[in-house]
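Hi,

Here is the structure I promised to pass on.

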Amino acid sequence: MSLIGGIEAGGTKFVCAVGSGPNDIRAEHRFPTTTPEETLAQAIAFFQAQEGEHGRIAAIGIAAFGPLDPNPASPTFGYITTTPKPGWANADVVGVIKTALGVPVGFDTDVNGAALGEHRWGAAQDVDTFIYLTIGTGVGGGVMVNGRLLHGLIHPELGHISLPHDWAQDPYKGRCPYHGDCLEGMAAGPAIGERWGQPAFELPADHPAWELEAHYLALALRSYICTLSPQRIIMGGGVMEQPQLFPLLRQKTIDYLAGYVQSPAILERIDSYIVPPGLGNQAGVLGAMALGMAAL
Ligand code: ADP
Ligand code: ZN
């Protein structure tokens, strides 16, 4: 079994790990995301130390915040492109890692990585067309179609779809800097906190916030079900740590589909259709390792 390195490159923290799968993580290291120079140097130092201890690393996968360029034929492959995060716009991530460590490097969005990891080891092993959504600081989605991660033009941006917005029911204007009341603007963790004047994780389980959150998420799932025809939907990220969201979301998704999409997977087995990540909070870093394996 080859030793693989994974980098979950998040906007607030990096998680690096070395191993060969969920049951064989040899070491893990977390550190805050600062400048690209400093943060990537820390990742490189970690992998060099691990090679000293466990032997040669065969490949590295990077699952990163974006937007980014995942197209190997593009001159800016491996770059984070248009992020507002200071210092990271047009940062060459793959080039720096590849030059320092001299191994094949896989590179994709954090959510496409998580989808690949879930397909290999987690909650999507028995399907080949599904989506992995994260509802956290932002909203993002990775998409696997017929066994391959979807890139197309660039990569999917499932968080930035528009939703019906009943301003009388919810006067909150949304906080996406690009679109205001897109899904991310209305339903990511910081939007919940801003709308209700209290951090999302502090709101009690019976707070009306969760009914409204499930409403927006279910509207989004209806759109994804109708456009992508996923065989399963995996819902991760900090906000989904609220267990009461799952039953609300499942029921509303069925209600909003209104009987139009006729599948027993939805109508009879919704509990195994909309599910949490099988890899739990390791989905990100294991997804990165899966990208490394794919690059081998
Ligand atoms: P990130 O998106 O930065 O990778 P997370 O997925 O943990 O990280 O998302 C962080 C967001 O999720 C924050 O806005 C926080 O308010 C929200 N969050 C974290 N934990 C919970 C929780 N238990 N319940 C509700 N919201 C949470
Ligand atoms: Zn948006």
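Let me start with ligand 1. The residues surrounding it are G136, T137, G189, P190, A200, F201, W210, G237, G238, V239, E241 and Q242. Bear in mind that this is a predicted model, so please read every distance below as a computed value.

On the side-chain end, T137 has an N or O atom 2.7 Å from an oxygen atom of ligand 1. Q242 also uses its side chain, with an N or O atom sitting 2.7 Å from a nitrogen atom of the ligand. G238 takes part through its backbone instead: a polar atom there is 2.8 Å from an oxygen atom of ligand 1.

Next, the metal. Ligand 2 is a zinc ion, and its protein donors are ND1 of H160, SG of C176, ND1 of H179 and SG of C182, at 2.1 to 2.4 Å. Along the chain, these donor residues follow the spacing H-x15-C-x2-H-x2-C. What is the arrangement of the 4 donor atoms around the zinc ion? It is tetrahedral, because the angles they subtend run from 103 to 123 degrees. For reference, the ideal angle for four tetrahedral donors is 109.5 degrees. And the two cysteines, C176 and C182: buried or exposed? Both are buried.

Now the sheets. One is an open sheet of 5 strands, ordered β3-β2-β1-β4-β7 and with mixed pairing. Its edges are β3 (24-32) and β7 (105-109), each of which pairs on one side only. On average, neighbouring strands in this sheet are turned by 15 degrees against each other, direction ignored. Within it, β1 (residues 4-9) and β2 (residues 13-21) are antiparallel partners, paired over 6 bridges.

β11 (residues 232-236) runs parallel to β12, and 2 bridges join them. Opposite I234 you will find V275 in β12.

That is what I have so far.

Cheers

Methods: Residues are numbered from 1 along each chain as its sequence is written. Chains are lettered from A and ligands numbered from 1 in the order in which they are written. This is a predicted model: local features need pLDDT of at least 70, side-chain atom pairs count only at pLDDT 80 or more; totals for chains, interfaces and linings use all residues. Side-chain values use heavy atoms; hydrogens and water are left out. Donors are N, O and S atoms within 2.8 Å of the metal (3.2 Å for Na, K and Ca); water is not among the atoms, so sites may look incomplete. Four donors count as tetrahedral if all angles lie between 85 and 135 degrees; four count as square planar and six as octahedral if opposite donors are over 155 degrees apart and all others between 65 and 115; anything else is irregular. Buried means under 20% relative accessible area, exposed over 50%, partly exposed in between (1.4 Å probe, protein chains only). Two strands pair if DSSP finds at least two bridges between them. Helices (H or I, at least four residues) and strands (E, at least two) are DSSP runs, numbered from the N terminus. Axes are lines fitted to C-alpha atoms, for helices over the stretch in contact, and angles run from 0 to 180 degrees between N-to-C directions. A residue is near a molecule or strand if one of its heavy atoms lies within 4 Å of it. A polar contact is a pair of N or O atoms within 3.5 Å; within protein, one must be able to donate a hydrogen and the other to accept it, and residues adjacent in sequence count only if both atoms are side-chain atoms.
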